[in-house]
Amino acid sequence: MFTAISKRYDLLNRLLSLNRDKYWRKVAVSELHVKNGSLILDLCSGTGDVGIEIAMQDDFDGSIIAGDLSLEMLKIGAMKCQRRGIEKIEFVCADAEDLPFRENLFDGVVIAFGIRNVQDKRRALTEVSRTLHKGGRVVILEFGIPRNKLFKRIYHLYFRKILPAIGRIISGSSTAYSYLPDSVKTFPKREEFAALMKDSGIRDVRYFDLSFGIVTIYVGIK
Ligand SMILES: C[S@@+](CC[C@H](N)C(=O)[O-])C[C@H]1O[C@@H](n2cnc3c(N)ncnc32)[C@H](O)[C@@H]1O
């Protein structure tokens, strides 16, 4: 599915989020507390926007691995980096449920809008914990369901009717942007997902909402 929409993925992100997606990723990255020389995994990286956000920070002198299942998404990410002269990101085909990296490797792992799409979330979180070194941070940015009743109604109208229609016209995929609200609906509740992170070997888990709860950021430490 992501391969099918890869060419229009970035455009639709900007359009459908009214450009808020950049701000959401920025806040998620700030929670990573990236230090000098850090090795960061941007997992379910798609076209690499999180990795690029980290690499563009003035004082960043570490390295980033952007890992995703879809080669097409990775290719677009690599091309974007080439165009912008970014050399700190390596794009790697990687399954979140079976990461091709050794134990205790990363200083930080960030997953933006990715974990929702992974079949076995517990397994992926256990893999994240395995590949993080002790004290390393994990930051997960994911869509949520707004808590305010009135806002929730307006949001549902947009998310269920308007967004899938725009997504269908621009991406050419009849399913990808109807899948989005469905996958958000079936995603675990905030406290359930935080509990899953704890069960997977991640401690000090906390979470907070942005933009009235349209998205939630989960933070933990190995
Ligand atoms: C909604 S996109 C998010 C991309 C990017 N992180 C962003 O912020 O825009 C979800 C990505 O997760 C990837 N994905 C889904 N399941 C995966 C898995 N098991 N392992 C790795 N990547 C996966 C998809 O290929 C897709 O590129």
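Angles under 35 degrees count as roughly parallel, those over 145 as roughly antiparallel, those from 65 to 115 as roughly perpendicular, and the rest as oblique. Such angles run from 0 to 180 degrees between N-to-C directions, and axes are lines fitted to C-alpha atoms, for helices over the stretch in contact. Helices (H or I, at least four residues) and strands (E, at least two) are DSSP runs, numbered from the N terminus. The structure is a predicted model, in which local features need pLDDT of at least 70 and side-chain atom pairs count only at pLDDT 80 or more, while totals for chains, interfaces and linings use all residues. Residues are numbered from 1 along each chain as its sequence is written, and side-chain values use heavy atoms, with hydrogens and water left out.

Helix α1 (residues 2-16) and helix α6 (residues 149-171) have axes that come within 10 Å and cross at roughly 140 degrees. The two helices, α1 and α6, are therefore oblique to each other. Their crossing is right-handed, a crossing being right-handed if the near helix is turned clockwise from the far one by less than a right angle, and left-handed if anticlockwise. On the α1 side the contact (heavy atoms within 4.5 Å) is made by Ile5, Arg8, Leu11, Leu12, Leu15 and Leu16, and on the α6 side by Tyr158, Leu163, Ile166, Gly167, Ile170 and Ser171. By class, nine nonpolar, two polar and one charged residues take part in the contact of α1 with α6. Here Ala, Val, Leu, Ile, Met, Phe, Trp, Tyr, Cys and Pro count as nonpolar, Asp, Glu, Lys and Arg as charged, and the others, Gly among them, as polar.

Helix α6 also packs with helix α7 (residues 176-186), at an angle of about 140 degrees and with the axes 7 Å apart. Phe159, Arg160, Leu163, Pro164, Gly167 and Ser171 of α6 meet Tyr177, Ser178, Leu180, Pro181, Asp182, Val184 and Lys185 of α7. Seven nonpolar, three polar and three charged residues make up the contact of α6 with α7.

Seven strands form an open sheet with mixed pairing, in the order β3-β2-β1-β4-β5-β7-β6; two strands pair if DSSP finds at least two bridges between them. The edges are taken by β3 (89-93) and β6 (203-210), each with a single partner strand, so one side of each has no neighbour in the sheet. On average, neighbouring strands of this sheet are turned by 15 degrees against each other, direction ignored. Strands β1 (residues 39-43) and β4 (residues 106-112) pair in the parallel sense over four bridges, and Leu43 stands opposite Ile111 in β4. Helix α5 (residues 121-131) packs on the sheet and touches β1, β4 and β5 (132-143), its direction making about 145 degrees with that of β5.

Strand β7 (residues 215-221) is mostly covered, with seven of its seven residues buried; buried means under 20% relative accessible area, exposed over 50%, and partly exposed in between (1.4 Å probe, protein chains only). In a regular strand the side chains alternate between the two faces of the sheet. From β7, Val215, Ile217, Val219 and Ile221 point one way, Thr216, Tyr218 and Gly220 point the other way, and all are buried. Seven bridges join β5 and β7 in the antiparallel sense, and Ile221 in β7 is the bridge partner of Arg137. Strands β6 and β7 also run antiparallel, joined by six bridges, with Tyr207 opposite Tyr218 in β7. The hairpin formed by β6 and β7 has four residues between the strands, and Ser211 in the turn has a positive phi of about 50 degrees.

Two buried residues illustrate the helix surroundings. Leu74 lies in helix α4 (residues 71-84) and is buried, with a relative accessible area of 5%. Leaving aside neighbours within four places in sequence, Leu74 contacts Ser45, Gly46, Ala66, Gly67, Asp68, Phe91, Val92 and Cys93. The C-alpha atoms of Leu74 and Lys7 are separated by 11 Å, although these residues are 67 residues apart along the chain. Ser129, in helix α5, is buried with a relative accessible area of 8%. Not counting residues up to four places away in sequence, Ser129 touches Ser200, Gly201, Ile202 and Lys222.

Positive phi values also occur in loops. Asn19, in the loop between α1 and α2 (20-30), has a positive phi of about 70 degrees although it is not a glycine. Asn19 is partly exposed, with a relative accessible area of 41%. Asn104, in the loop between β3 and β4, has a positive phi near 50 degrees and is likewise a residue other than glycine. Asn104 is partly exposed, with a relative accessible area of 42%.
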